[in-house]
Amino acid sequence: MTHSTASALLVNDVGLHARPSVKLTQTAKRFASELEVALAADGPWVDAKSPVKIMRVKAPKGATLHFRALGPDADEAVRQLVSLVERKFDEE
Amino acid sequence: MESKLTGRAASPGIFVGPAVVLSALAAHQRAQGSPAEEEGALIAAIATSRDEVSALASSANGEANRILGIQVALLEDDALSETARAAIASGVAADNAWRDAMAVEIAGYEHAEDEYFRARAADLVDVRDRVLRHLLGVQTVPEVAAGSVVVARDLPPSLFLGFDWSQGGAIVLGEGSATSHVAMLARARGVPMVVGIGSKVDTLSGTLAVDGEQGSVIAAPGATTLVEVQRRKAASSRAETEARSRLGEPAITRDGTRVAVMINVAAPSDVEKLDAASCDGIGLVRTEFLVANGALRDEERQFALYRGLVAWAAGRPVTIRTLDAGGDKPIPGYTVAGETNPFLGMRGVRLSLRHPDVFRIQLRALARAAALGHLKVMLPMVTTPAELAEARKILQEVVESLRAQHIPAASPPLGIMVEVPAAAIAVDHFDAAFFSIGSNDLVQYVTASSRDSGDTGGVGELTHPAVLRLIAAVAAHGTEIGREVSLCGDAGGDPRAIPALLDAGVRTLSVAPTLLARTKAAIRTVDLGDADATITTSSWWHRILATLRSPTGSVARKGLDT
């Protein structure tokens, strides 16, 4: 079990809009670790595998997304989520 | 055969088109089973909906495929039904539990500042109604083609946002009100709308001629009527074009009285496409957008937003209202849940004084922005002079603490909304820097007519003499002590109400940016030449005020001040 954290700046134009939210949860679901997202380093944290909860965050462009993971593949999970955000969710 | 129904005008314009009748999901109820049965029914309805949308998605491509894909992701997520399942466990029927839970979810998106998020409300409504149809076993929402006249008992704002208005269209409602959220959306979008037709709305079908100027609907219009409707439509669009061409000019009545016309801002993006020179400033900024924006407790983001508005206004006044939550604007964790009559409960400044931490953050950001331009701060729902005094004390503390920290700040003029009858009647007890009449709530409270639940028989009108007397008294008081009185309710942009407001002595109106041109045009048609008219409207009040100020009236005066 490892614990891993990282953050990434939301640089795509629409922020954490519906489709980016769904992509983020799809990526998160590929991992066994518990994965959570927050707009601030001290939370509140939400389940990164729930599109409903991720969309509720309504993170705009320019917000910083914090990730934390706990589980066997925590490091790789956080690395891939950060990469997805930095790639602008492959949409632009 | 041609027939005419009369209701109330809620959004101007004239439109002829085919009726699309929406039967109300609200009219259907489920026979409630045990909590276990109800939960099973909800889970089954969600699963069926997910399968349907999945099938639709696989046969769609492009944007439709992406939208449906999002709906599938939502329907697959247990978190979507979490709140509803908790309500079911406590004994609520599945349909009501689902409706209530989704209403909260949808409101979160409707009030988002970002248009991308606002547009998601329509997806959630789609999801809600699809599941609800399975729960209730009814087929209720037909496809609404572009260019239709939408006919319904009532229409939630979210459904309005889901329809295609690109080919025009109109709305006819049995219930509803001209001050409802959906009516505001219709006016902003230029969709003609008539409300309060009554139960006869169920008889409408076929071709309808909707007159959003007069508030009437003609079913099966004959050839003569159609010619007349087209003539009026052409005249109305000529008037609109004429009004737009003079948008940049000041509003001056026939007799030469200058009337200031400001704008109401509901989201910072409202001013993006508008030239500040076409108005006299911002008469009302509704800061409730801060909630959807996540900035309620974020001084820096609020400061950035206020600073942006001050910069846009380029020296013109920017009047920012402190958070006006409660009533029809609940905020989880801030407003009081479960009030039986929220419009008469914890609203506006009452809540701000209950949550001084949140209030101070907003006042700090406002005082900092006030150092950069002509910013004014306005308190909503003020009822007693003590509330104004307490808010002023907090504002002074905030300004002093900013200065102690060497952060640039100014003490902005502190004014009040006059929307509670108590404040209007005893307006001379309030030492406010300015007064802004909130006519929507003032009408609601004076005439005991709810703003949102439609039919009160049309008694809730601004033109009721009681309402006009109060407005005239407030305007007269402002003139007497030399402080500005403005009006920022919907009536300010209503051509039928404008003559009465000017007659009552109001000289500053604040309206939605889309109504700026026609408001100015309406003002230009008014003749205030007969100056005695104003005195007639308010003479009764002058007598009352004079009595209150005389030694024999001191008992009535004392009440509030002690």
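The following conversation goes through a few features of this predicted model and the reasoning behind the words used for them.

Student: Why is H10(B) called oblique to H12(B)?

Tutor: The axes of helix H10 (residues 299-313) of chain B and helix H12 (residues 356-370) of chain B cross at roughly 40°. Angles under 35 degrees count as roughly parallel and those from 65 to 115 as roughly perpendicular, so H10(B) is oblique to H12(B). As for handedness, H10(B) passes H12(B) in a right-handed crossing.

Student: What makes H10(B) and H12(B) partners in a contact, and which residues meet?

Tutor: Two residues are in contact if their C-beta atoms lie within 7 Å. Among the residues of H10(B) that meet H12(B) are B:Phe303, B:Tyr306 and B:Val310, and on the side of H12(B) they include B:Ile361, B:Ala365 and B:Leu366. By class, the residues of this contact divide into seven nonpolar, two polar and four charged, and the axes of the two helices come within 8 Å.

Student: What share of chain B is buried, and what makes a residue count as buried?

Tutor: A residue is buried if 20 or more other C-beta atoms lie within 10 Å of its own, and buried residues make up 47% of the 562 residues in chain B.

Conventions: Residues are numbered from 1 along each chain as its sequence is written. Chains are lettered from A and ligands numbered from 1 in the order in which they are written. This is a predicted model: local features need pLDDT of at least 70, side-chain atom pairs count only at pLDDT 80 or more; totals for chains, interfaces and linings use all residues. A residue is buried if 20 or more other C-beta atoms lie within 10 Å of its own, exposed if 12 or fewer, and partly exposed in between; C-beta atoms are placed from the backbone. Axes are lines fitted to C-alpha atoms, for helices over the stretch in contact, and angles run from 0 to 180 degrees between N-to-C directions. Helices (H or I, at least four residues) and strands (E, at least two) are DSSP runs, numbered from the N terminus. Angles under 35 degrees count as roughly parallel, over 145 as roughly antiparallel, 65 to 115 as roughly perpendicular and the rest as oblique. A crossing is left-handed if the near helix is turned anticlockwise from the far one by less than a right angle, and right-handed if clockwise. Ala, Val, Leu, Ile, Met, Phe, Trp, Tyr, Cys and Pro count as nonpolar, Asp, Glu, Lys and Arg as charged, and the others, Gly among them, as polar.
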